[in-house]
Amino acid sequence: MKKVAIISCGQSKFGSFVDKTYEDLFAEAYLEATSHIENFEPSEIEEAFIGSLAFGGSQLGNMSALISDAINVIGIPAARVENACGSSSFAFRYAVYSIMSGQNKIAIAGGVEKMQDISKKSRLWWFGVAGDIKWERLSGMTFPGNYALMATRHMYEFGTKKEDITRCAVKNHRYAAKNPKAQFRNEITLEQAMNAPMVAWPLTVFDCCPLTDGASIAILCDAEIAKKYTDTPVYVVGMGAGTDYLALYRRKSLTRIEAAIKASRAAYQMAKLEPKDIQVAEVHDCFTIAEILAYEDCGFCKKGEGGLFIHEGQSEVGGKVPVNTGGGLKAKGHPIGATGVSQIYEIWKQLTERHQNQVDGAEIGLAHNVGGTGSAAAIHILKRG
Amino acid sequence: MAHVSVPSYWNALPQKYRLVAGKCKECGYVNFPPQILCNNCSKSNTQELIELPEVGTIYSYTIIGRGAAPPEFKKMQSKSGAYAIAVVELENDQKTKINVQLTDCDPFKIKIGTKVTAVFRIIYEQEGVRRYGLKFRPELKNPK
């Protein structure tokens with residue numbers, strides 16, 4: 001099997017861009033990515049894998065043709081990959097496979113989503129489309145509500161404090177404040193977040209990620225040719241993915257994302273690494289409790305100790321594993337289909353020493369992306385060359 | 001305007017009115033809802049229909065804040081205010097879990113472990129069609 005390198009990554013600004021199209025956002029991400037490399041011709045791209053939920057339905061079918069058009073690579077094989085909030089990590093996974101197999105020398109993986117230019121009623125409707133419809137949605141359940149079930153149970157089983165769960169939001173806003181591409185560049189206080197309006201008890205509005213417009217891209221190639229384009233290739237050394245029941249109530253436990261545990265085990269095994277080797281991570285904090293579960297599911301701490309992990313500052317820069325230094329889904333933003341590769345973008349920035357919240361000397365990083373309420377998860381471990 | 005479709009089969013689902021599950025004759029596993037392939041042993045067409053007990057205890061819960069309900073439940077919430085959704089463990093041997101809306105209570109009074117009983121209610125109205133089904137009522141000393 002071929003070794004796979006990331007030669008560059010790019011991301012559009014995340015936020016509300018009612019005046020921009022899918023093509024505009026994706027081209028913005030692409031132009032950043034191509035600005036970091038040399039000797040690169042767009043005609044060298046052999047295949048494109050594009051993540052999107054097509055939130056709002058304004059381009060529900062054949063998104064990939066629109067994206068090929070946006071970066072002028074019409075003609076190559078391209079397809080949209082959909083796995084809810086995990087879409088672009090799965091797009092990335094398939095791009096990696098295409099190079100590992102020797103089929104492609106260069107492929108791109110990315111994602112795009114537009115979520116802001118939609119009426120409030122329609123947004124609420126679209127927000128639930130990736131959950132179980134028959135038994136959850138039609139009981140009056142919401143997406144934040146499902147994560148709230150996990151939070152309630154985690155607090156009950158492990159004595160986790162709500163304050164510690166919400167600390168994830170405070171931390172991620174602090175990192176986003178320094179990220180010029182983040183949706184929210186304001187810091188928040190724990191008191192403010194705890195006392196904000198309730199969305200799904202015990203979660204308040206500050207425990208929840210926003211709706212975001214944005215795009216992301218990674219340019220991947222056969223490691224043998226990576227140095228032609230950059231002096232600092234980053235290698236994909238581990239990857240794993242998993243699935244679970246669509247409906248939360250059917251799972252064995254509400255306090256672990258089994259799909260993410262399977263994904264992380266596979267990724268560590270492939271990379272021949274352990275959780276203690278990870279120096280920086282981006283994890284899927286669609287809701288604050290999801291970040292607590294991610295610490296545990298990735299093995300950064302023991303099951304049930306996620307609250308303690310952030311309480312002690314272990315997920316801050318300077319702690320055991322700095323997490324979401326780009327601001328996370330909570331504050332950088334969560335353009336569903338673009339999120340997974342935007343996490344990989346943050347890790348790539350860390351490993352190539354471009355990050356605004358740089359972790360000194362980081363050589364190995366992990367990106368953890370979850371679809372739905374944990375019905376799919378993909379994890380990638382990246383290593384500086 | 002997109003909306004959750006209301007296929008006819010929905011009103012015909014027995015699970016809307018009774019907790020009909022599929023007990024596998026091969027391995028004894030209770031599948032809720034019934035499946036063609038057993039979730040435990042993967043054998044196909046081996047499930048006999050049984051009714052699960054309509055009582056259980058709250059395994060976990062959340063309270064959907066005012067204005068945060070799905071659009072189908074906006075009208076209901078304008079009357080009820082915040083309402084609770086729970087994963088309930090039923091009182092069968094396997095402790096089968098289901099996801100339900102709780103009713104007839106102040107949602108802030110419930111706890112993990114509170115006993116609940118199924119009741120028949122209107123779930124929501126869409127395109128002029130009323131959807132009926134089961135909600136669960138907590139056993140509380142002062143429910144409101």
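Five residues of domain 1 of chain B are in contact with seven residues of domain 2 of chain B, two residues being in contact if their C-beta atoms, placed from the backbone, lie within 7 Å. On the side of domain 1 of chain B that touches domain 2 of chain B, the residues divide into five nonpolar, no polar and no charged; here Ala, Val, Leu, Ile, Met, Phe, Trp, Tyr, Cys and Pro count as nonpolar, Asp, Glu, Lys and Arg as charged, and the others, Gly among them, as polar. This is a predicted model, in which local features need pLDDT of at least 70, side-chain atom pairs count only at pLDDT 80 or more, and totals for chains, interfaces and linings use all residues. Residues are numbered from 1 along each chain as its sequence is written, while chains are lettered from A and ligands numbered from 1 in the order in which they are written.

**Domains of chain B**

- Domain 1 of chain B covers 18–52 and domain 2 covers 53–144; such bounds come from an automatic or database domain assignment.
- A distance of 25 Å separates the C-alpha centres of domain 1 of chain B and domain 2 of chain B.

**Overall form of chain A**

- Chain A contains 12 helices and 11 strands, where helices (H or I, at least four residues) and strands (E, at least two) are DSSP runs, numbered from the N terminus.
- The radius of gyration of chain A is 19 Å, which agrees with the value near 21 Å that a compact globule of 385 residues would have; the radius is taken over C-alpha atoms, and the globule rule is 2.2 Å times the number of residues to the power 0.38.
- The C-alpha trace of chain A spans about 55 × 45 × 35 Å along its principal axes.
- Of the 385 residues of chain A, 64% count as buried; a residue is buried if 20 or more other C-beta atoms lie within 10 Å of its own, exposed if 12 or fewer, and partly exposed in between, with C-beta atoms placed from the backbone.
- Among the contacts in chain A with a separation of 6 or more, 77% are between residues 24 or more positions apart.

**Interface between chains A and B**

- In the interface, 30 residues of chain A are in contact with 25 residues of chain B.
- Helix H4 (120–127), helix H5 (143–158) and strand E5 (198–201) of chain A each supply at least two residues of the side that touches chain B.
- The largest share of that side, seven residues, comes from H5(A).
- By class, the side of chain A that touches chain B has 18 nonpolar, eight polar and four charged residues.
- Across the two chains, E5(A) pairs with strand E4 (residues 55–64) of chain B in the antiparallel sense over two bridges; strands pair if DSSP finds at least two bridges between them.
- A:Trp201 has B:Ile63 in E4(B) as its bridge partner.

**Helix H3 of chain A**

- Helix H3 (residues 87–100) of chain A has 14 residues and reaches 20 Å from its first C-alpha to its last, close to the 20 Å expected at 1.5 Å a residue; the expected span is 1.5 Å times one less than the number of residues.
- H3(A) is mostly covered, with 11 of its 14 residues buried, including A:Phe90, A:Phe92, A:Arg93 and A:Ile99.
- Just after H3(A), A:Gly102 adopts a positive phi of about 90°.

**Strand E11 of chain A and its partners**

- Strand E11 (residues 376–384) of chain A is mostly covered, seven of its nine residues being buried.
- E11(A) pairs in the antiparallel sense with strand E8 (residues 234–243) of chain A over nine bridges, and with strand E10 (residues 364–371) of chain A, also antiparallel, over eight bridges.
- A:Ile381 in E11(A) stands opposite A:Gly238 and opposite A:Leu366.
- E10(A) and E11(A) form a hairpin with four residues between them, and A:Gly372 in the turn has a positive phi of about 65°.

**Backbone features in loops**

- A cis peptide bond, with omega about 5°, joins A:Trp201 and A:Pro202; A:Pro202 is found in the loop between E5 and strand E6 (203–204) of chain A.
- A cis peptide bond also joins B:Phe32 and B:Pro33, with omega about -10°; B:Pro33 lies in the loop between strand E2 (30–31) and strand E3 (47–51) of chain B.
- A:Asn39 has a positive phi of about 60° although it is not a glycine, and A:Asn39 is exposed, with 8 other C-beta atoms within 10 Å.
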